[in-house]
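I opened this notebook to keep track of what I looked up in one structure.

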Amino acid sequence: TDPVHRPPQTTVRADNLAYVIYTSGSTGIPKGVAISHRQIVHSTSAQYAVERPWPEAFLMPISFSFDASAVGIFWTLTAGGCVVLPEDGAHRDAEQLRALIARYGITHIDCTPSLYDLILGTDAGPVRSLRCVQVGGEVCPPELVRRHRRLLPDCVFENNYGPTEATIWSTTNVLYPDSALPVGTVPIGHAIPGARAYLLDASLSRVARGECGEVYVGGDGVARGYLGRPALTAERF
């Protein structure tokens, strides 16, 4: 009955717009992807549903203009952790990022494989506080996974995939300290909780096992569409 502890009152509904992220994808023409509160809740809830450590200190070496920044913001803050933001110009400076990891005891980081390659380096001393590393946005080289395991044997490694249109991530391949290392390419794994992923041919039929196809994503993370682009939304969604 104490009013201090009553839930805050709000008129925001699950389908209201939460944010718009502009992405060019493969077209080179920027288009705004409209994400609702329902979709960011889905994405954040899936972080908790996948078994690995919760973030205590999350380093975010990416710009707010990239949707992956929402991982650090919503997952970390709802878990009661802190988000560490590099100073302007330090996002691509591996030595400055390594120094921040050491200074703040960073437990989690999310970035591209190429940036993590520079951050990890060949000496794990400054980054030994890491407990979970998430990479995405590029093809992940197997050598990076092997070096990660050698230098940080107790740290979880994730290779995630997902277009902005499906709210940050759609599939994940979680490599725990006792998981087998990939022999060839590093897979993007399986659909996250609340999402679906299909491999389809040109007629939108599922391809046979071992055949090539195009990835289609469904589920709770699929965005409302492109802001002010109804024709393109109808085509792509």
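The entries below follow the order in which I looked things up.

**Ground rules.** I am working with a predicted model, in which local features need pLDDT of at least 70 and side-chain atom pairs count only at pLDDT 80 or more, while totals for chains, interfaces and linings use all residues. I number residues from 1 along each chain as its sequence is written, and side-chain values use heavy atoms, with hydrogens and water left out.

I took helices (H or I, at least four residues) and strands (E, at least two) as DSSP runs numbered from the N terminus, and I let two strands pair if DSSP finds at least two bridges between them. On that basis I found an open sheet of three strands in the order 1-2-12, with antiparallel pairing. Its edge strands are strand 1 (17-23) and strand 12 (225-226), each of which pairs on one side only. Strand 1 is joined to strand 2 (residues 31-36) by six bridges, the two running antiparallel, and I noted that Tyr 22 stands opposite Gly 32 in strand 2. Helix 1 (residues 37-49) lies across strand 1 and strand 2 and runs at about 75° to strand 2; such angles run from 0 to 180 degrees between N-to-C directions, with axes as lines fitted to C-alpha atoms, for helices over the stretch in contact, and contact means heavy atoms within 4.5 Å.

I then traced an open sheet of seven strands in the order 4-3-5-6-7-8-9, with mixed pairing. Its edge strands are strand 4 (82-84) and strand 9 (190-191), each pairing on one side only. Three bridges join strand 3 to strand 4, and these two run parallel; the bridge partner of Phe 58 in strand 4 is Val 83. Helix 4 packs on this sheet, where it touches strand 5, strand 6 and strand 7, and its direction makes about 135° with that of strand 5.

I called a residue buried under 20% relative accessible area, exposed over 50% and partly exposed in between (1.4 Å probe, protein chains only). Which residues of helix 4 (residues 113-120) are buried? They are Pro 113, Leu 115, Tyr 116, Ile 119 and Leu 120. These cover an arc of only 155° around the axis, which puts them on the same side of helix 4; the arc is that of the directions from the helix axis to the C-beta atoms. What covers them includes helix 3 (94-104) and helix 5 (142-151). Just after helix 4, Gly 121 takes a positive phi of about 60°.

In helix 3 the buried residues are Ala 94, Leu 97, Arg 98, Leu 100 and Ile 101. Seen down the axis of helix 3, they fall within an arc of 160°, so they line one face of the helix. The face turned away from that buried side carries the exposed residues Glu 95 and Arg 103. Strand 3 (57-59), strand 5 and helix 4 are among the elements that cover the buried residues of helix 3.

**The largest pocket.** I used a 1 Å grid over the protein atoms alone, where a cavity is a set of points where a 1.4 Å probe fits but cannot get out, a pocket is an open set with protein on both sides within 12 Å along at least five of seven lines, and lining residues have an atom within 4 Å of a point. About 1,600 Å³ of space lies in the largest pocket. It is lined by 50 residues, of which Tyr 161, Gly 162, Pro 163, Thr 164 and Glu 165 are the closest to its centre. Strand 11 gives the most to this lining, with four residues.

Technical notes:
Grid points are joined across faces, edges and corners, and a volume is the space filled by probe spheres set on the points.
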